Amino acid sequence: TFREEFNWATNWKVLAENFMESYHLPVCHSGTIGGSVDLNLMTCPEGLAAFNYHFIVKNDTVPLALAHPKNTTLTGDQRRITWLLAIYPGLLITLTPGYFWYLCLTPDGPGRVNVLFGGGMSADYMADPDAPAMLASVKALLDDVNVEDKGCTEKVYRGLTAGLSEPGHLSHLERPNFDFARYIASMIPG
């Protein structure tokens with residue numbers, strides 16, 4: 001239901017890696033969605049050759065991310081699980097029971113990335129009489145989330161290019177980042 005394009009002052013891989021781990025949510029997104037997650041309820045399975053994902057059981061802080069009250073298909077935790085999918089090299093998709101959004105990344109030099117951003121709501125929410133207001137609310141939320149991610153990823157990129165950073169160990173919550181790094185390494189000729 002919406003689609004926009006923008007350009008950020010960060011490397012596309014930094015933005016992709018940011019999406020592939022959710023432990024940044026409580027800090028980077030403290031003003032929006034950060035309070036909806038408990039990192040103990042995040043699962044990061046092993047990825048596939050060109051794809052990884054992780055998922056989080058969320059609380060009720062962002063009601064539109066949950067299954068619509070009239071949805072009788074999803075039960076239990078399925079009503080509140082957010083799935084984050086990364087299709088290499090640059091398609092990133094978030095699926096909640098209530099809405100979805102995506103980022104499609106195209107490098108624009110080493111320190112800039114073109115971002116195609118779009119999304120919509122589930123059929124249950126779109127059929128609701130209050131759909132226009134709910135969609136506007138989701139769009140406003142995601143715009144704010146993007147502002148937060150832009151700030152965080154641009155700072156990370158500046159830090160990486162400052163010449164003082166060194167690689168560190170990955171957390172178990174960064175399993176998708178490890179899989180992505182293996183994919184990138186497999187694309188580099190011999």
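How many salt bridges does the structure hold? I found seven salt bridges, each a side-chain nitrogen of Lys or Arg within 4 Å of a carboxyl oxygen of Asp or Glu.

I noted that the model is predicted, with local features needing pLDDT of at least 70, side-chain atom pairs counting only at pLDDT 80 or more, and totals for chains, interfaces and linings using all residues. Residues are numbered from 1 along each chain as its sequence is written, and side-chain values use heavy atoms, without hydrogens and water.

**Sheet.** I traced an open sheet of seven strands, ordered β1-β7-β6-β5-β4-β3-β2 with antiparallel pairing. Strands (E, at least two residues) and helices (H or I, at least four) are DSSP runs, numbered from the N terminus. Strands pair if DSSP finds at least two bridges between them. The edge strands are β1 (2-8) and β2 (42-43).

I looked up Asp60 and Arg80, whose side chains form a salt bridge at 2.7 Å, N to O. Both sit in the loop between β3 (51-57) and β4, 20 residues apart. Asp60 is partly exposed at 49% relative accessibility; so is Arg80, at 23%. Buried means under 20% relative accessible area, exposed over 50%, partly exposed in between (1.4 Å probe, protein chains only).

**Helix pairs.** In helix α4, Lys150 and Glu154 lie four residues apart. Their closest N and O atoms are 3.2 Å apart. Glu154 is buried at 12%, while Lys150 is partly exposed at 31%.

I then checked α5 (residues 175-187), which holds Arg182 and Asp179. Their salt bridge has its closest N and O atoms 3.5 Å apart. Asp179 is buried at 3%. I also logged a salt-bridge network linking Glu46, Arg175, Asp179 and Arg182.
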